[in-house]
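I opened my notebook and loaded the model. I wanted to look up a few things and write down what I found.

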Amino acid sequence: MKKKINEMDLKLPAISINEAVSRSVVSAFSAELDPTVEELGDIRCAVSEAVTNCIVHAYKGRSDSDPGYIYISVRLYDSREITVEITDEGCGIEDIALARKPHFTDGESGERCGMGFLVMESFTDYLSVKSERGVGTTVLMRKKLKP
């Protein structure tokens with residue numbers, strides 16, 4: 001049975017600069033498990049995609065004075081596993097299966113190249129997406145580090 005050895009919760013406004021902030025904070029926190037450079041890069045990319053989704057999709061149309069928030073929870077386990085949960089209180093996703101397809105976007109055609117779920121999935125060992133329209137979305141990612 002795995003044992004939690006450290007945890008962190010972070011709340012950030014959903015503004016573009018915080019994509020880099022979240023990526024840096026999560027990777028710095030994960031350093032406790034001494035991941036390889038490649039593993040750290042994987043975590044950074046997955047977090048970046050998830051946070052970008054919150055900024056671009058979940059809160060689109062919100063004002064700069066009320067951008068909404070991104071909630072990030074990171075857990076480190078003695079089994080060398082990292083879990084990262086990223087939650088928003090945005091518009092939610094109507095059809096998660098459709099949103100997970102390559103190149104799906106809820107924006108203008110050609111505006112973006114998808115919501116990045118396949119990217120997140122390719123950099124992690126497990127990806128779960130839960131969402132409710134008008135309530136928000138939670139993305140849970142797990143990464144098992146090499147011994």
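**Entry 1: salt bridges**

How many salt bridges does the count come to? I got eight salt bridges. I keep in mind that this is a predicted model.

I looked up D9 first. D9 forms a salt bridge with R75, and the closest N and O atoms are 3.1 Å apart. D9 sits in strand β1 and R75 in strand β2, so this pair ties together parts that are 66 residues apart in sequence. I then checked how open each residue is. D9 is exposed, at a relative accessible area of 54%. R75 is buried, at 17%, because buried means under 20%. I also noted a network of salt bridges that links K4, E7, D9 and R75.

Next I took E19 and R23. Their side chains meet in a salt bridge, 2.7 Å from N to O. Both belong to helix α1, four residues apart, so about one helical turn separates them. I wrote a reminder beside this: an α-helix has 3.6 residues a turn, so residues three or four places apart point the same way. E19 counts as buried at 15% relative accessibility. R23 is partly exposed at 22%.

R62 and D66 meet through their side chains in a salt bridge of 3.1 Å, N to O. R62 counts as partly exposed at 36% relative accessibility. D66 also counts as partly exposed, at 39%.

**Entry 2: the sheet**

In what order do the strands of the open sheet lie? I read β1-β2-β3-β5-β4, five strands with antiparallel pairing. The edge strands are β1 (4–13) and β4 (126–132), and each pairs on one side only. From one strand to the next, the twist averages 10°.

I followed β1 into the sheet. Nine bridges join β1 to β2 (residues 69–77), and the two run antiparallel. K11 stands opposite Y71 in β2.

Seven bridges pair β4 with β5 in the antiparallel sense. V129 has V139 in β5 as its bridge partner. The hairpin of β4 and β5 has three residues between the strands, and there G134 takes a positive phi near 80°.

**Entry 3: the helices**

I turned to α1, which covers residues 17–30. Its 14 residues reach 20 Å from first C-alpha to last, close to the 20 Å expected at 1.5 Å a residue. Which residues of α1 are buried? I listed N18, E19, S22, V26, S27, F29 and S30. Down the axis of α1, the buried residues fall within an arc of 165°, so they line one face of the helix. On the other side, I17 and A28 are exposed.

What covers the buried residues of α1? The cover includes β1, α2, β2 and β3. I also checked how α1 packs on the sheet: α1 touches β1, β2 and β3 (81–88), and its direction makes about 170° with that of β1. Helix α2 (residues 37–58) lies across β2, β3 and β5 (136–144), and runs at about 10° to β3.

**Entry 4: one residue**

I finished with S30, in α1. Is S30 buried or exposed? S30 is buried, with a relative accessible area of 0%. I left aside its neighbours within four places in sequence and looked for contacts: S30 is in contact with P35, I43, L76 and I82.

Note on methods. Residues are numbered from 1 along each chain as its sequence is written. This is a predicted model: local features need pLDDT of at least 70, side-chain atom pairs count only at pLDDT 80 or more; totals for chains, interfaces and linings use all residues. Side-chain values use heavy atoms; hydrogens and water are left out. Buried means under 20% relative accessible area, exposed over 50%, partly exposed in between (1.4 Å probe, protein chains only). Contact means heavy atoms within 4.5 Å. Two strands pair if DSSP finds at least two bridges between them. Axes are lines fitted to C-alpha atoms, for helices over the stretch in contact, and angles run from 0 to 180 degrees between N-to-C directions. The expected span of a helix is 1.5 Å times one less than its number of residues. The arc is that of the directions from the helix axis to the C-beta atoms. A salt bridge is a side-chain nitrogen of Lys or Arg within 4 Å of a carboxyl oxygen of Asp or Glu.
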